[in-house]
Amino acid sequence: MRCRRGASGNGLATLYLQVLINGLLIGGIYAAAALGFSLVWGIMNVINIAHGAFIMLGAYLTYWLFVGPMHLDPFLSIPLAMLTMFVFAYLLQRFVVNQVIRAPMLATFLLTFGLSIMIANMAQIFWSSDIRSITTAYSGTSLTLGGLTIPWVRLWTLLIACALTFGLTMFMARTKIGRAIRATSMDVDAARLSGVGVANIYALTFGIGGALAGAAGSLVSVSYAITPNMGDSFLVRAFVVAVLGGLGNVTGALVGGLVYGIIESFGALWFGEGFKDVVAMVALLLVLLLRPYGLIGRATA
């Protein structure tokens, strides 16, 4: 009898540990999707609804690099996806978004919402609504440790999300452009008087957000189906994760993504797959009630 209880207890512990690992792994994807979104919102005060479309473009770019003559591995295509999406987002901000940057937030919200619809429709015209996917030689392989299963693809995704967070943190803290971006977010007028080109800083920030969305697109392309509307679900999660972690806080995006992934996984375990989003939203509301500035963010006057 005692042996049976012990075996049952071990099985339950293994189950919870597996769910925790699954939550951390899926959280890595959410963190990658939210990193650029949180940066643009926190620095520019722009809710970039087109961020989901940027992720979709990054995923398609990765797909074409994989099936094309180069047959480039999805993880190796991340630098190309980041560079392409940086240039695209930089030009989009400089010549389109910048025209309404001084307008109320609703104007930029509606503008990026329209851009999101336009980009998704153009993707549907050019590439149709056919579902595409990337299957590599290691897609179905996993690391097995003590009865726990860790898919290699999800593990690499989490590690790259951590690397992107670390790299962006170092960039913001150690480089002249990073310090200028932080100064602009604190006080635009003071930054302008100090000689900072605010228009260029905004375009660079939007471009970096686009580059991070491109990286997120490459990462999700190996785990999810690629369609013109795939960015919508990641946009919603990026929004929640950015608020959860703290707006504009790079580390907060990673922490928020991991926490959201864990809550979602345990919500699916305890209440069923259909209620996992409800549980995550309830947890978000509780966090906002207790810490309105997010888990990592700081209260401002």
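**Definitions and model.** A residue is called buried under 20% relative accessible area, exposed over 50% and partly exposed in between (1.4 Å probe, protein chains only). The structure is a predicted model, in which local features need pLDDT of at least 70 and side-chain atom pairs count only at pLDDT 80 or more, whereas totals for chains, interfaces and linings use all residues. Residues are numbered from 1 along each chain as its sequence is written, and side-chain values use heavy atoms, with hydrogens and water left out.

**View 1. The nonpolar surface patch draws on helices 1, 10 and 11.** Leu12, Leu15, Tyr16, Leu269, Trp270, Phe271, Phe275, Val278, Val282, Leu286, Leu289 and Leu290 together make a nonpolar surface patch of about 1,200 Å² (nonpolar side chains joined within 5 Å, from residues with over 30% relative accessible area and no salt bridge; areas by the Shrake-Rupley method with a 1.4 Å probe). At least two residues of the patch are supplied by each of helix 1 (2-44), helix 10 (250-271) and helix 11 (276-290), these helices being DSSP runs of H or I with at least four residues, as strands are E runs of at least two. Helix 11 provides the largest share, namely five residues. Among the patch members is Tyr16, which lies in helix 1 and is partly exposed, its relative accessible area being 33%.

**View 2. Helix 10 and helix 11 cross at roughly 130°.** The axes of these two helices come within 8 Å of each other, where each axis is a line fitted to C-alpha atoms over the stretch in contact and angles run from 0 to 180 degrees between N-to-C directions.

View 3. The structure holds two salt bridges, the term being used for a side-chain nitrogen of Lys or Arg within 4 Å of a carboxyl oxygen of Asp or Glu. Arg192 is partly exposed, with 36% relative accessible area.

**View 4. A salt bridge joins Arg237 to Glu264.** The side chains of these residues meet at 3.4 Å, N to O. This pair links distant parts of the chain, since Arg237 is in helix 9 (residues 231-245) and Glu264 is in helix 10, 27 residues apart. Arg237 and Glu264 are both buried.

**View 5. Gly36 is placed 8.0 Å from His51, C-alpha to C-alpha.** In sequence, these two residues are 15 residues apart. Gly36 lies in helix 1 and is buried, with a relative accessible area of 0%.

**View 6. His71 and Ser128 sit in loops.** Most residues other than glycine have a negative phi. His71, although not a glycine, has a positive phi of about 45°, and Ser128 likewise has a positive value, near 65°. His71 is located in the loop between helix 2 (51-67) and helix 3 (78-95), where a relative accessibility of 53% makes it exposed. Ser128 is found in the loop between helix 4 (105-127) and strand 1 (142-145), and its relative accessibility of 26% makes Ser128 partly exposed.

Definitions and conventions: Patches are made of residues with over 30% relative accessible area and no salt bridge: like charges are joined within 9 Å, nonpolar side chains (Val, Leu, Ile, Met, Phe, Trp, Tyr) within 5 Å.
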